[in-house]
Amino acid sequence: MSTFNLLKGHNLKLKGQPSRNVIEVPDSELYCIHPYQYKGMKPKLLVKKGDKVKIGTPLFYDKTKDSVKIVSPVSGLVEDIIFGKRRIIEKVLIKKQGEESETLDKYDVESDNSKFKDFLLDSGLWSYLRQRPFSKVPDPTVKPRAIFLTMHQTAPFSLDLEHIMSGSKKELLYGMKLLSGLTEGNLFLSLKKGSTFFKNEDLDEVNINYFGGPHPSGNIGVQIHHIEPIANKDDLVYYISMQDLLSIVNTLKSGKYDFNKIISCGGTGISNPSYYKIKRGALIKDVVGDIDVNKYRIISGDVLSGTIANLDDSLNSFDEVLSVIPEIQEREFVGWALPGLKKYSLSNTFVSSALGLEDSDLETGLNGSIRAIIPFGRWERVLPMDIFPDFLIKSILSQDIEQMEKLGIYECDPEDFALCSFVCQSKVEVSQIVSDGLDLIEREG
C-alpha cells in the first residue's frame, strides 16, 4: 500500500458542473453501436439490415481474434448499417422491439476461476477489458502481467464513483476476486487519497494505492506509471472501468445481461447538467435532448481527451462523460492585444491569471495558429510522469522508433497528454501526435 501525492497537473474550472442526482433515461427507439471505437479490432459483421436480434446477439467479431465479439444491447431489428470511407463500419443502428434475450450459459466460476474467461468471451463482455500499451481490446490468449482498476477520477465533469457505487461494494469485491484469476501477477486498485470506501472489507488479494493531486492524477496511465511502469511492448497489463466490472458481475450472477451505466453530463450546452442512467448504445439526443450544434460542440468524453460526437451518435462505449461546450463562432479581433479579463490562462499571459478566474465557459477556439515547437517547460508542468514530452514528441514526428522506445512511448496514452495540448503555446495537438506514434510503432511491430 502506497500513497502518491502528485503535484503536476491542473484541474479545469468549468461552468456547467453536473449535479450528482441520477436521472433515469427512458428507453430509446433507436440504439447505436460504433464498431470503429473498439481499438485493435477488425470487425466482421454477423448481421445485415433487416435482421432480427435479441439482447446479447453477436453483431460482429474481431477477424484477428475471432473469439472476441460485440453483442447487441437491445432486442429489435437492425435498422441500418452505415459505412464510412474505405468501408469502415461507422454505425450499426438497432430499432428496439421487445425484451427478448439470448440465453446465457451458467459457469461455475466459484470452483474453477478459469471459467470466468470463458464466460467473458461467450457473453461478449470480454470487450470491456483493455490493455496497455496501445489501449486496445486485448488478445485473450495472452496473459497480462497485472490488472489495474481505479475509483479515483479527476477529468473535467468526471463521475464520483464512490457516490454512485456506494451500494455495490460486495459486487465489486466479487468482481475483483474474479479478475485476479486472469493474471499471475497483482491486481492493483487506486483510490482517492483519504478514501474509506472499502474500509473493513477483505481486500487481501488486492494491492491498494492512494492518489492525490490535480488532473491527470486520476488517469489510469499515470497511475500505472507510478505503481509498476510498462517496460516494453510485450509488457502487457489489463485495465477496466469499475462500472463495466459491475455490469459483468451483475450479468454473471443474474444470468441476464446488464447493459445499464451511469454517465456524467456537463457543460453550459446542457439544460440540466447531472448524472444520467442510460442503456449502453442510447443516442445522445435521447439523453440530453436537442442541442443547437451551431452554438455548442458535443464531446463524447471529457473536454480534454474526448472525441467530437453528433446527436445521432451514441456515447463511446468506454466513455462515462458527455460534455457540451460553446462552439467558437468567430475569431476575436486583435485578441492578443486585449487584457483578457475573462480568458482562461495557465501562463500568466492575461490579466485573468492575476485576478483569479472563477468557473469558465470554455470555448473550442485555439486562440492562435500552429507554430514551431518551442520548449518553455509548460508540458512538463502538467505531466506527472518521468518522461521528457518535448523530446518524445519530436522523435514521433521524425518517426524515430528507436528513440521513441527509449523515451517511454509504451507507457503513454493520448489522454495522459491532453493537458499538454491545452497549455501548449505552439497550439500543437500533442495527444494526436502521441496517438500517431503508438499507431506507427504497433504497425511496424
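Helices and strands are taken here as DSSP runs, of at least four residues for helices (H or I) and at least two for strands (E), numbered from the N terminus. In the predicted model, N200 is placed in the loop between β12 and β13, and its phi is near 70°, a positive value in a residue other than glycine. Because exposure is assigned over 50% relative accessible area, N200, at 73% relative accessibility, counts as exposed. A positive phi, of about 55°, is also found at Q399, which is not a glycine; Q399 lies in the loop between α9 and α10 and, at 55% relative accessibility, counts as exposed.

Considered as a whole, the protein has twelve helices and 19 strands. The C-alpha trace spans about 65 × 45 × 45 Å along its principal axes, and the radius of gyration of 22 Å agrees with the value near 22 Å that a compact globule of 445 residues would have. Of the 445 residues, 55% count as buried. Among contacts between residues at least 6 apart in sequence, 69% join residues that are at least 24 apart.

Helix α3, formed by residues 169–179, contributes the buried residues L172, L173, Y174, G175, M176, L178 and L179. The elements against which the buried residues of α3 pack are the helices α1 (115–123) and α5 (242–254), together with the strands β11 (146–150), β12 (187–192) and β13 (206–212).

The packing of two helices is described by the angle between their axes and the distance between the axes. For helix α9 (residues 389–397) and helix α12 (residues 430–444), the axes come within 9 Å and cross at roughly 55°, and the two helices are therefore oblique to each other. The crossing in which α9 passes α12 is left-handed. On the α9 side, I393, I396 and L397 take part in the contact, where they meet V430, I433, V434 and G437 of α12. The residues of this contact of α9 with α12 divide into six nonpolar, one polar and no charged. An α-helix has 3.6 residues a turn, so residues three or four places apart point the same way.

H225 is found in helix α4 (residues 220–227) and is buried, with a relative accessible area of 8%. When neighbours within four places in sequence are left aside, the contacts of H225 are with P384, M385, D386 and E411. E405, which lies in helix α10 (residues 401–406), is partly exposed, with a relative accessible area of 37%. With neighbours within four places in sequence again left aside, E405 is in contact with Y410 and I441. The C-alpha atoms of E405 and L189 are separated by 27 Å, the two residues being 216 residues apart along the chain.

Cis peptide bonds were also identified in the backbone. The bond from R132 to P133 is cis, with omega near 0°, and P133 is found in the loop between β10 (130–132) and β11. A cis peptide bond likewise joins H215 and P216, with omega of about 15°, and P216 is found in the loop between β13 and α4.

Notes: Residues are numbered from 1 along each chain as its sequence is written. This is a predicted model: local features need pLDDT of at least 70, side-chain atom pairs count only at pLDDT 80 or more; totals for chains, interfaces and linings use all residues. Side-chain values use heavy atoms; hydrogens and water are left out. Axes are lines fitted to C-alpha atoms, for helices over the stretch in contact, and angles run from 0 to 180 degrees between N-to-C directions. Angles under 35 degrees count as roughly parallel, over 145 as roughly antiparallel, 65 to 115 as roughly perpendicular and the rest as oblique. A crossing is left-handed if the near helix is turned anticlockwise from the far one by less than a right angle, and right-handed if clockwise. Contact means heavy atoms within 4.5 Å. Ala, Val, Leu, Ile, Met, Phe, Trp, Tyr, Cys and Pro count as nonpolar, Asp, Glu, Lys and Arg as charged, and the others, Gly among them, as polar. The radius of gyration is taken over C-alpha atoms; the globule rule is 2.2 Å times the number of residues to the power 0.38. Buried means under 20% relative accessible area, exposed over 50%, partly exposed in between (1.4 Å probe, protein chains only).
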